[in-house]
Amino acid sequence: MQNVDPRSYKEPSCNLPFLQNDSGANCNAASVSPEPPLFPDRNAPSRDHVDLPRIEQAVRIILDAVGEDPDREGLLETPARVARMYAEMFAGLKSDPGRHLAKVFTEEYDEIVLVRDISFCSMCEHHLLPFTGRAHIAYLPSGKVVGLSKLARVVEEVARRPQVQERMTQTIADLVEERLSATGVAVVCEATHSCMTMRGVRKPGSLCLTSAMRGAFRDDPKSRAEVLGLINREV
């Protein structure tokens, strides 16, 4: 085996793009930031509009204002964590959730399509505390149907913004009606609000229900009763 003079040894060149810094210079693996997810969600909304450093500064100010020491060990990374949390929670703020409804399929079906129990977590704009619950979406197709998972994506993306539950319910109904040209749309949301259960009146177990009816479900009492019966039906 050939002997190698240790004095002539050089670190191997790092030519892989993900092991180079922003200037193009090589760097060692220890300084590399975490790689992106192996299977990224191409449908996820962008978080690029969020100013993370400003949120971190604001969190430090809040911690100091309530009498905490933002420089103690347990809180050192808290501002960065909170900034990333807000970027995730508000990722839908500048996006168009209706894009998920662009791909439709021709189908001669004009009865109710209902997807129940779509879980969501949104943020109350009054106290910036979460409200969590389930959404139920029903529509009457007019010759076109959409993939069921796309309705869940609409709920997920609409939820990712500061808002009130009433507006969230109407936003979902309007998107489904407009993008699918549905002859009838019914959206019912039920949620528990942290701003009511953990502060203020403090009433755990209270539930808020909101509904938005469009087209036939709004104008025809029989159609409305039918869809509400399906939503409330015990499985």
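Is Asp96 buried, partly exposed or exposed? I looked this up in a predicted model. At 35% relative accessibility, Asp96 counts as partly exposed.

**Entry 1: Asp96 and its partner**

I checked what Asp96 pairs with and found a salt bridge to Arg179, the closest N and O atoms being 3.2 Å apart. Arg179 sits in helix H4 (residues 165–180) and Asp96 in the loop between H2 and strand S1 (104–106), so the pair ties together parts that are 83 residues apart in sequence. I noted Arg179 as partly exposed, at 38% relative accessibility.

**Entry 2: other salt bridges**

I counted 11 salt bridges in the structure. One of them joins Glu125 to Arg167, at 3.0 Å from N to O. Glu125 lies in the loop between S2 and S3 and Arg167 in helix H4, so this pair links parts that are 42 residues apart in sequence. Glu125 is partly exposed, with a relative accessible area of 32%, and Arg167 is partly exposed at 40%. I also found Arg81 bridged to Glu77, with the closest N and O atoms 3.4 Å apart. Arg81 counts as partly exposed at 43% relative accessibility. Arg116, Asp117, Arg134 and Glu190 I recorded as a network of salt bridges.

**Entry 3: the annotated site**

I took the "binding site" feature from UniProt, where an unreviewed entry places it at Cys124, His127 and Cys195. These residues are spread over 72 residues of sequence, yet they cluster in space, with a largest C-alpha distance of 7.7 Å.

I located His127 in the loop between strand S2 (113–124) and strand S3 (130–140). It is partly exposed, at 40% relative accessibility. Leaving aside neighbours within four places in sequence, His127 is in contact with Cys195 and Arg199.

I located Cys195 in helix H5 (residues 194–197). Its relative accessible area is 14%, under the 20% cut-off, so Cys195 is buried. Not counting residues up to four places away in sequence, Cys195 touches Cys124, His127 and Leu129.

**Entry 4: helix H1**

I compared the length of H1 (residues 52–65) with expectation: at 1.5 Å a residue its 14 residues should span 20 Å, and the end C-alpha atoms are 20 Å apart, which agrees. Ile55, Val59 and Leu63 are buried in H1. Seen down the axis, the buried residues of H1 fall within an arc of 75°, so they line one face of the helix. An α-helix has 3.6 residues a turn, so residues three or four places apart point the same way. What covers the buried residues of H1 includes helix H2 (78–89). On the face turned away from the buried side I listed exposed residues, among them Arg54, Gln57 and Asp64. Just after H1, Gly67 takes a positive phi of about 95°.

Technical notes: Residues numbered from 1 in each chain as written. Predicted model: local features only at pLDDT ≥ 70, side-chain atom pairs only at ≥ 80, totals over all residues. Heavy atoms only, no water. Helix = DSSP H or I, 4+ residues; strand = E, 2+ residues; numbered from the N terminus. Expected span 1.5 Å × (residues − 1). Buried < 20%, exposed > 50% of the residue type's maximum accessible area, 1.4 Å probe, protein only. Arc of directions from axis to C-beta. Contact = heavy atoms within 4.5 Å. UniProt positions renumbered as here; feature names shortened; annotations may be inferred. Salt bridge = Lys/Arg side-chain N within 4 Å of Asp/Glu carboxyl O.
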